[in-house]
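Here are my notes on the structure, as numbered points. Please read them with the model open.

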Amino acid sequence: MLVTAQILSGAGLAAGITVGALLAQEMLASTSLSGLPSALFTIGSAATAVIVGRVSQRLGRRVGLSMGYATGAAGSLGVVIAAGTGNVFLLFLSLFVYGAGSATNLQARYAGADLAAPQQRGRAVSTVLVATTVGAVAGPNLVTATGGLAASLGLPQLAGPFLLAAVAYAAAAVVLWVMLRPDPLTTARAFAAETPRSQEESVDPATPHRAHLVLGASVMVITQIVMAAIMTMTPVHMQHHGHDVSAAGLVIAVHIAGMYLPSPFSGLLVDRFGRLAVAAASGITLLGAGLVAALAPPQSTWLLALALGLLGLGWNFGLISGTTIITDAVPLATRAKVQGKIDVSIALAGAGGGMASGMVVAASSYSVLAVVGGVLALAIIPAVARTARA
């Protein structure tokens with residue numbers, strides 16, 4: 001049921017990524033604030049991550065995830081109403097609430113690892129993530145169709161993808177609430193209770209697991225900053241050079257495919273070659289993405305798609321390796337709560353990256369933004385090396 005819910009939520013997640021910046025630019029008539037939607041829904045994602053983590057810790061993943069998706073559906077509907085009425089304040093508020101869907105989509109990856117053995121956690125996380133691909137890739141390619149639907153209802157065309165998001169997130173909430181039984185986290189705790197001292201609970205907190213906890217969080221934070229910054233401004237960059245919304249949707253579809261489709265491969269690499277090696281690979285891949293984006297001719301849809309595909313792949317490497325590192329380091333007794341707190345940092349990092357991206361492009365250029373992001377990603381490598389020596 002996690003897989004079904006991820007397919008649905010992937011479509012909802014893609015809506016804001018594809019047209020959020022364009023909708024804000026249209027309503028505000030300003031490029032410098034076009035990164036604001038990404039910042040708002042990632043701040044909303046941060047707030048939701050805490051709540052979903054705490055609710056999941058107390059009541060299980062089923063309740064926490066269902067609540068998160070239902071909130072994302074409400075935010076999506078609010079964006080549609082705001083676009084139809086031209087209410088900028090409601091737009092900003094609704095984008096904040098819409099972020100709940102993004103937070104919940106990411107929190108679901110932890111549920112995939114709850115019942116997995118340590119040597120299979122990379123693949124368990126990847127199974128949940130790859131399910132997002134179907135909906136997330138389809139979502140941006142439905143921009144034109146959903147825009148036509150919105151127009152037929154007397155709404156701005158850019159509101160169309162948020163109509164899709166409202167339906168998709170609501171459906172994901174219903175699927176999980178009705179069918180995610182038994183609950184993976186409560187089942188894992190019950191299983192652990194039958195073994196007085198499980199491998200996880202016997203770990204001394206003073207061991208290098210604390211260093212691994214910091215590393216896992218750092219890898220995911222850095223990859224989120226870089227990914228959010230470059231991704232947010234790519235549709236705006238394309239529009240400024242004559243591309244239509246469908247071309248931007250295609251590039252974002254490739255990006256999201258890169259974020260989720262390689263997950264089984266990434267999970268296999270994590271389990272076979274180690275968490276640290278894949279974490280380092282994420283930094284190198286993101287550097288390559290930044291360089292390709294910076295050097296690609298603005299008129300080249302396919303080179304920009306390649307850059308965004310690499311951007312997604314680097315993020316995928318970082319997310320799966322970082323998630324697995326965190327799950328290894330945190331005992332079941334506090335797992336969901338700690339994971340929620342870490343996802344707050346990830347979401348805030350994405351908010352900062354998305355917000356800063358518009359300012360950087362307005363002050364310099366998209367190419368400068370891409371290069372700076374790629375160089376920043378290299379900070380992962382010394383962090384990995386330091387932890388490996390710990």
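1. The largest nonpolar core of this predicted model has 87 residues, and the members that touch the most others in it are Leu 2, Phe 162 and Leu 311. Helix H9, residues 209-240, gives the most to this core, namely eleven residues. Another core lies apart from it and has eight residues, including Ile 222, Ile 325, Ile 380 and Val 384.

2. Val 278 sits in helix H12, which covers residues 275-295. Is Val 278 buried or exposed? Its relative accessible area is 5%, so Val 278 counts as buried, the cut-off being under 20%. Beyond residues up to four places away in sequence, Val 278 is in contact with Leu 269, Val 270, Phe 317 and Ser 321. Pro 264 is 14 residues from Val 278 along the chain, and their C-alpha atoms are 13 Å apart.

3. On the surface there is a nonpolar patch made of Ile 43, Phe 89, Leu 93, Phe 96 and Leu 348. Together these residues have about 480 Å² of accessible area. Helix H4, residues 88-113, supplies the largest share of the patch, with three residues.

4. Leu 348, one of the patch residues, belongs to helix H14, residues 335-363. Why is Leu 348 described as partly exposed? Because its relative accessible area is 46%, which falls between the limits of 20% for buried and 50% for exposed.

Note on methods
Residues are numbered from 1 along each chain as its sequence is written. This is a predicted model: local features need pLDDT of at least 70, side-chain atom pairs count only at pLDDT 80 or more; totals for chains, interfaces and linings use all residues. Side-chain values use heavy atoms; hydrogens and water are left out. Patches are made of residues with over 30% relative accessible area and no salt bridge: like charges are joined within 9 Å, nonpolar side chains (Val, Leu, Ile, Met, Phe, Trp, Tyr) within 5 Å. Accessible areas come from the Shrake-Rupley method with a 1.4 Å probe; for residues, only the protein chains shown count as cover. A salt bridge is a side-chain nitrogen of Lys or Arg within 4 Å of a carboxyl oxygen of Asp or Glu. Helices (H or I, at least four residues) and strands (E, at least two) are DSSP runs, numbered from the N terminus. Buried means under 20% relative accessible area, exposed over 50%, partly exposed in between (1.4 Å probe, protein chains only). Contact means heavy atoms within 4.5 Å. A nonpolar core is a set of buried Ala, Val, Leu, Ile, Met, Phe, Trp, Tyr and Cys residues joined through side-chain atoms within 4.5 Å.
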